[in-house]
Amino acid sequence: MQQKDVLPMKPEIADKQLTVKPVITGSEAVIRSLIAEGVDTIFGYPGGAIMPIYDALYDFQDQVHHILVRHEQGATHAAQGYARSSGKVGVAFATSGPGATNLVTGLADAYMDSTPMVCVTGQVAAALLGTDAFQETDVIGITMPITKWNIQVTRAEDIPAAMAKAFYIARSGRPGPVLVDITKNAQFGEFEYEYKKCEYIRSYRPLPELNKEAVSAAAELINNAKKPFILCGHGVLISGAEKALIALAEKAQIPVGSTLLGLSAMPVDHPMYVGMLGMHGNYGPNMLTGEADVVIAVGMRFDDRVTGDVGTYVPNAKVIHIEIDAAEINKIVKADVAVHADAKPALEALLELVKPAQHSEWLEEFRAADKKEYEKVQHRELYPEAGELKMAETIRLISEKTKGEAVLVTDVGQHQMVASRYYRFKNPNTNVTSGGMGTMGFSLPAAMGAKMGTPEKEVVAIIGDGCFQMTLQELGTIYQSQIGVKIVILNNNFLGMVRQWQQLFFDKRYSSTEMVNPDFVQIAKGFFIPGKKVTAREDISAAIDEMLAHKGAYLLEVVVEKEDNVFPMVPAGAPITSIRLE
Amino acid sequence: MQKEYTVTVYTEDRIGITNRITIIFTRRGINITSLTTAETEIPGVYKFIITVLSTREKLDKVVGQIERLIEIHRAFVHEEEEVVYQELALYKISTRSLHTGDIERLIRENNARILTITAEYFVIEKTGHQQELIDFIKKLEPYGLIEYSKSGRVAIVKWSRRFHEHLKELQAEDAEHGL
């Protein structure tokens, strides 16, 4: 027998030897597929139907880092935060039944905010499907409308192809969440493993071909415009088109307003940047949509929070819509020129055709509006001299002390709007927030994910007192996995945004919005996370310094003015130009 | 203005594809009035023919959202006059009525035909548009209608040029990708 080994093999036998595929279980195939896709971090929670996969994971701990969250919703938001800060696909694991249904909010959130994510759920054995077995739920049916794609795998040998498709779909075109549901028998089954990355699905065309005629038509509109205005959306960041956008704005001197999710695509201190669009955005960029004669909407979908009353939106403008998702074109606002394309190549092509221009008077209008907003709103918010602490001054200090370079992860409500308004973003992909869904409880787990995705960056979670109590159990994850996020709770003892609406539109009938809160610093202490509570103006600066200087996670509770309102504001459904400064 | 439209959708052969399509109508509160689906001349590609009562504006957006689904090839909205269509109905009648002379004339005049006859019943087939098929029920009722069954719409688009070629190209493309 020994002799046989040294004998040269016949060529056809040698070939066969080389192509022998390893026989492994479906569970191991899941983990190997993830590694093949470059996954280094998984957020998840084990349970009965996904135990074989967790067992396989045990052998790959040196290659994949699994973060044990405290609730599956936390796993999805963490995967979202990871994806949004790093640009890679976020991955979450959950078991069947309740584990799977707990993913629903995060999936819907990722779907609305175009976030690449792959969720793997365990499922009861194929033979039990449809029988109301223990922890069986129709997660495919449930998540159909809130995923870009989903698939149930019932045989081990189908796992690699399903995983490859899942990653391809999640990250290509307009990104989104994908769910792969794997029955227990498929996890146990053995087969000859081979992994081929997916790069083609015949019914799916993620990258539309750039229509040169449309680009020329857009350039002509821009070249003839007196008051052009760029609306920068999330698509600019996803496409990596920030530089092209800035170059276009500089070349033709076009002011740029940003949607909530477009924030950080352009540095806030850039001379062409004029502020945030929408309900609580800046005065100028909202008001002046009424005057613009050409609007260049890039990678955005005209959310109702951005447009206000659509019937009166951009009444004097020709609309150029650069958008990768054909279904978004003409969905809300009719495009005069539709450029169905990825933002980066579209903007680069446009840049060549657009002529240098000056729009000094037009830019002056933005500056005048800015001045008005600063005097009426911002100054008293940012530099108050008396009274209780304000959210805005806290954000200003954090912005100054982090030099605008932190990854800011906000939750939903007043603090989100204030943080988005006043943090002076410097670098792309440093704004992580729940925009489309407005998911309270998003920030804490998303911040964990953002920190895992970009460990070299300072990650600051800005959270309201209401939001914090929706997912605060993730403090356990932060402690166990030693994730160095800075947590700032802006505590006004109210569900502030709802209260603001009650004050303005419901005769101050504060129905179920006042909160009796626990001692947040004590709670953090219970999870072995140090913290501090600040109530006085003279202490806030030092407290932020202390937080930022601390190595590792830290919780800072800032008690802010109880009945403060966020202004400017556009009442829901009103024309966006009816924006109120007070 | 709400009126009747025909929506055609070309899809991959995948479990749950019907559900994926119909929930997009559901979201916008559009009621599907008929739905016909079957494999096309190209194995693995299905065609859905859906009729709805809605507005053009809404349906243009619905079709965009359907096309966005991964396993959908194309989706279209058609006005009534853009399609040639037929529906098929079967009528089961008591055999006793065969003995009256009228039924023969009725079948001939309405371009219907008899599919099968047993001692108890016979089955008539008729194709046409919905109203004709319903009108025929009334004519048959005096003879003892036992059961009626009607298909959804089967439609051909008047302006289509090369759907068949396009589907064949899909197959060729697959071969290029080694699938």
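1. Start with the dimensions of chain B: its radius of gyration is 20 Å, whereas a compact globule of 179 residues would come out near 16 Å. (The radius is taken over C-alpha atoms, and the globule rule is 2.2 Å times the number of residues to the power 0.38.) Along the principal axes, the C-alpha atoms of chain B fill a box of roughly 60 × 40 × 30 Å.

2. A word on what you're looking at. This is a predicted model, where local features need pLDDT of at least 70 and side-chain atom pairs count only at pLDDT 80 or more, while totals for chains, interfaces and linings use all residues. Residues are numbered from 1 along each chain as its sequence is written, and chains are lettered from A and ligands numbered from 1 in the order in which they are written.

3. Chain B has five helices and nine strands. Read from the N terminus, they go β-α-β-β-α-β-β-α-β-β-α-β-β-α. (Helices are DSSP runs of H or I with at least four residues, strands are runs of E with at least two, and both are numbered from the N terminus.)

4. Now the meeting of the two chains: chain B puts in 18 residues and chain A 15. (Contact here is C-beta atoms, placed from the backbone, within 7 Å.) On the chain B side, H1 (17–27), H2 (56–67), E4 (72–78) and H5 (163–176) each supply at least two residues, and the largest share, four residues, is from H2(B). By class, that side of chain B has four nonpolar, six polar and eight charged residues. (Ala, Val, Leu, Ile, Met, Phe, Trp, Tyr, Cys and Pro count as nonpolar, Asp, Glu, Lys and Arg as charged, and the others, Gly among them, as polar.)

5. Chain A splits into domain 1 (23–192), domain 2 (212–365) and domain 3 (388–560), with bounds from an automatic or database domain assignment. The C-alpha centres of domains 1 and 2 of chain A are 37 Å apart. Five residues of domain 1 of chain A touch five of domain 2 of chain A; the domain 1 side consists of one nonpolar, two polar and two charged residues.

6. Finally, a helix pair in chain A: H18 (residues 391–401) packs on H19 (residues 414–422) at about 45 degrees, with axes 9 Å apart. (Axes are lines fitted to C-alpha atoms, for helices over the stretch in contact, and angles run from 0 to 180 degrees between N-to-C directions.) Among the residues that meet are Ile395(A) of H18(A) and Val418(A) of H19(A). Six nonpolar, three polar and one charged residues make up this contact of H18(A) with H19(A).
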